[in-house]
Amino acid sequence: MTSQRYEAGDLDQERRPRVRRWAWLPVLLVGSGLLFAVQRALAVTGNPNLVPSLLVLSALLIPVTFVLYVDGRNPAYDLPLSALLICALLGGVLGTALASVWEYDTVQRLGGLPTVYIGLIEETAKLMVPVAILIFTRYRSTPADGLLIGVAVGMGFAVLETLGYGFVTVLATRGNLGAAEDLLLLRGVLSPAGHAAWTGLAASALWWTHARRWRPSALAGLVGTFLLVVALHATWDASKAWYGYLIVGAISFVLLLRQTRRNLLKVP
């Protein structure tokens, strides 16, 4: 009887990583189906009560799928999904709120908001939750935890920012849902190469610096990484053509994938 219990426990341990590794796929498929259903229902009925569902599903689908995909690359699975959800929620709400206040103050003082200030403000605001987690929780042992937390926070920020843009677009176009859907789709697809990549890189560097006890060389690497993500963010915001977003997004995404392989897959 005891050996049977151990065998069942071992099977459960084997199943969990497999389920978690592929969790992104059913989320993508089910989410896409729900989004399609809402779109069709809205097209047939014209019921405005469906608009919030359309906006929320459009903003959440790609970010949630991507966070689960990155989490599934981690063979340790020592960071629970509930922690990532909390990070996304707190990082998104607090990050957007702080960034909004700081950007408003900057506009009041300078009479404008240069893109470099936007990058500096938003990247700083998004790091508030990772810093708190690094100080007050046990999830600080490896840079892998930092990268996952940073990606989750960046995606939470991206979701709320996208929802805001979608809502404003609906109001500005007097209910033109086509324009809002196009915006939501574009921002959703690009979000892994934007906020997720930038905050993931910065948080990974923060954890890496902590692991090396804040030595000067590690601290210099952290500052350099932070300045890099601020520069990428500012360049993204300053881009006026599609190829500008493509170039910045490609650089950001490649850097994130490279860091993911280093931290999560342990590839040198």
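User: Which rings are linked into a cluster here?

Analyst: Ring pairs tie W22, W24 and Y69 together into one cluster. Keep in mind that this is a predicted model. The count of aromatic pairs comes to 5.

User: What makes W24 and Y69 an edge-to-face pair?

Analyst: Two values go into it. A pair of aromatic rings is described by the distance of the centres and the angle of the planes. For W24 and Y69 the centres are 5.6 Å apart and the planes sit at 85°. Rings pair if their centres lie within 6.5 Å, and planes over 60 degrees apart count as edge-to-face. So W24 and Y69 make an edge-to-face pair. The two are 45 residues apart in the chain, with W24 in helix α2 and Y69 in helix α3.

User: Why is W24 called buried, and why is Y69 called partly exposed?

Analyst: Buried means under 20% relative accessible area, exposed means over 50%, and partly exposed is in between. W24 has 18%, so W24 is buried. Y69 has 34%, so Y69 is partly exposed.

User: What about W236 and Y245, what makes them edge-to-face?

Analyst: Their ring centres are 5.2 Å apart and their planes are at 65°, so this pair is edge-to-face. With the cut-offs of under 20% for buried and over 50% for exposed, W236 at 13% is buried, while Y245 at 30% is partly exposed.

User: How do you know that the length of α2 agrees with what a helix should span?

Analyst: Helix α2 covers residues 24-45, which is 22 residues. At 1.5 Å a residue, α2 should span 32 Å, and its end C-alpha atoms are 31 Å apart, so the two agree.

User: How do you know that the buried residues of α2 line one face?

Analyst: The buried ones in α2 are W24, G31, L35, V38 and L42. Looking down the axis of α2, they fall within an arc of 65°, so they line one face of the helix. The face turned away from that buried side carries exposed residues: L29, V30, F36, A43 and V44. After α2 comes G46, with a positive phi near 65°.

User: What makes α7 "mostly covered"?

Analyst: In α7, 22 of its 30 residues are buried. This helix runs over residues 143-172 and reaches 43 Å from first C-alpha to last, close to the expected 44 Å.

User: Why does L90 count as partly exposed?

Analyst: L90 has 42% relative accessibility, which lies between the 20% and 50% cut-offs, so L90 is partly exposed. L90 sits in helix α4 and is one of the residues making a nonpolar surface patch of about 520 Å².

Terms used. Residues are numbered from 1 along each chain as its sequence is written. This is a predicted model: local features need pLDDT of at least 70, side-chain atom pairs count only at pLDDT 80 or more; totals for chains, interfaces and linings use all residues. Side-chain values use heavy atoms; hydrogens and water are left out. Patches are made of residues with over 30% relative accessible area and no salt bridge: like charges are joined within 9 Å, nonpolar side chains (Val, Leu, Ile, Met, Phe, Trp, Tyr) within 5 Å. Accessible areas come from the Shrake-Rupley method with a 1.4 Å probe; for residues, only the protein chains shown count as cover. A salt bridge is a side-chain nitrogen of Lys or Arg within 4 Å of a carboxyl oxygen of Asp or Glu. Helices (H or I, at least four residues) and strands (E, at least two) are DSSP runs, numbered from the N terminus. Buried means under 20% relative accessible area, exposed over 50%, partly exposed in between (1.4 Å probe, protein chains only). The expected span of a helix is 1.5 Å times one less than its number of residues. The arc is that of the directions from the helix axis to the C-beta atoms. Rings of Phe, Tyr and Trp (its six-membered ring) pair if their centres lie within 6.5 Å; planes under 30 degrees apart count as stacked, over 60 as edge-to-face and the rest as tilted.
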